Amino acid sequence: MPSIREAFAATPLEGNRVFPIDFNSVEGVVPDSHTWRTNPGFYNITDERIISSTVTPIIDLNNPNVVKDLEHACENWYAYQVINHGVPLDMIKNLEQQCDHFFTLGMKHKLRAAKEANGITGYGSAHISSFYKKKFWFESFGMIGSPAEHCKKIWPDQEDQCFKFCDAMEKYQKEMQDLCTKLMKLVINSLGMRSEDLDQFIGNLMMNKNPETLLQLNSYPVCPDPSKAMGLGAHTDSSFFTVLHQTRPGLQIYKNGLGWVEVPHIENALVIFMGDLTAILSNSRYPSSIHRAVVNQTYHRYSIPFFYGPPRDVQISPILMLNGESPVFRSVTWDEFLLIKATKFDKALESIRILS
Ligand SMILES: O=C(O)CCC(=O)C(=O)O
Ligand SMILES: [Fe+2]
C-alpha cells in the first residue's frame, strides 16, 4: 500500500521540491520561469471568461433549511461560503497575523523549514506546477498536526514566537476538525442518509479512526504584472472537502457555461470546496470544484485551506441511495487516489470511472 509520501514521490515530473523564488528580489517583470500561458487545456477548460457579478451561494449553518441549501450548492456550484460556522473571528485574525509573520520573514529563514524532497509539510511551492511546467506566484507552508518541529528551526532562539505560532495553528486545527465533522454529517445527510443513521454510517466509513487532515498557509505576494502570472493553476482538491479562509479576493471557481466565477471575500465567511473523494462518495452527484487563485499588483493575499479526508487506508466507494443505482466509480483508498492524481492530474477521476 503506497503512502501519501510515496504517492508524491511517484510523480515523474519535478515533484514538490520546487522552491519559490525570492519574490522580494523580483523587480518590475515576471521572470520567464513564471510567465503564464492561458488555457493549458486541463479539465477541458476553453472558456476564459471571468465573471464577477454572480454571487456563489452563502449558506447559513444555523438555518433550519441548511441541508437543502447545501444539497443545492453542492449540485450546482461545487463551492460555496458558510456563515455562522462557529469559528471565532479573533482566532482567525490571530491565525492571519501568524501567517503574515512567517511569510514576511527573509527567504533564508523560511528555507529552514523547507519541505523535504516529496514531503508534504514545511515551506515550499505547489507540486501541481510540474503539470503546468511553469511556476506559480505562490509559496506555502503545510502542517499535519503540530508545526513545532519546523518552528524550532525557523525561530531557534525565539521560544515565545515559536509558541505563539504553534498555538495559533493548533487551536485553528481543532476548530476545523469540529467544523468538518459537522459538515461531513450535513453532506452525507444531504445525499439522503437519515439523520439518525449518520453517526454510525460515518463511523463505519472512517473505520472508527481519525480523519486525515492538512492545514496549509498559502501566500501570494504582490505581482508586478498579474496578466502574465498565475497564483495557483486550475485544479480540484483530492480531499472530501476543503475549508478555506481567504484574506482578500483572488479565488475563482470554474462553472460550465459561465466561465471563471470570482468568489467574493466576505468577512467571517469560510469557503468550502467539494473534493474528489466526495465526487466518488456521492456517485458523481456532487462534482469536485475546479478552482484557481489569481494574483494582483496591489496587495499581498493569504489563503488558509484545511483539507479534510478519510484515514489513508480506508476504501472509499459510492454511497448508493437509489434502488438499482450502479456505482459510477470503483472504490479507492485516499493513498491510492493520490498516487493516481500524482500522475494523471485532471484525468484522475476519469481513470477510476467504471460507468460512463
Ligand atoms: O488561494 C486560494 O484561494 C486557493 C488555494 C487552493 O486552492 C489550495 O491550496 O488548494
Ligand atoms: Fe485547492
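**Exercise 1. Find which residues are around ligand 1, and sort them by class.**

Step 1: pick out the residues near the ligand, where near means that the C-beta atom, placed from the backbone, lies within 6 Å of it.

A quick note on the model: it is predicted, so local features need pLDDT of at least 70 and side-chain atom pairs count only at pLDDT 80 or more, while totals for chains, interfaces and linings use all residues. Residues are numbered from 1 along each chain as its sequence is written, and chains are lettered from A and ligands numbered from 1 in the order in which they are written.

Step 2: sort them. Ala, Val, Leu, Ile, Met, Phe, Trp, Tyr, Cys and Pro count as nonpolar, Asp, Glu, Lys and Arg as charged, and the others, Gly among them, as polar. The shell then splits into five nonpolar, six polar and one charged.

Step 3: look at the strands (DSSP runs of E, at least two residues; helices are runs of H or I, at least four; both are numbered from the N terminus). S6 (212–220), S8 (241–246), S12 (291–293) and S13 (301–309) each give at least two residues to the shell.

**Exercise 2. Work out how helix H7 (residues 159–190) and helix H8 (residues 198–205) cross.**

Step 1: get the axes, which are lines fitted to C-alpha atoms, for helices over the stretch in contact; angles run from 0 to 180 degrees between N-to-C directions. Here the axes come within 10 Å and cross at roughly 105 degrees.

Step 2: name the arrangement. Under 35 degrees is roughly parallel, over 145 roughly antiparallel, 65 to 115 roughly perpendicular, and the rest oblique. So H7 and H8 are roughly perpendicular.

Step 3: list the contacts (C-beta atoms, placed from the backbone, within 7 Å). Met184, Lys185, Ile188 and Asn189 of H7 meet Leu198, Phe201 and Ile202 of H8. Sorted by class, that contact has five nonpolar, one polar and one charged residues.

Terms used: Contact = placed C-beta atoms within 7 Å.
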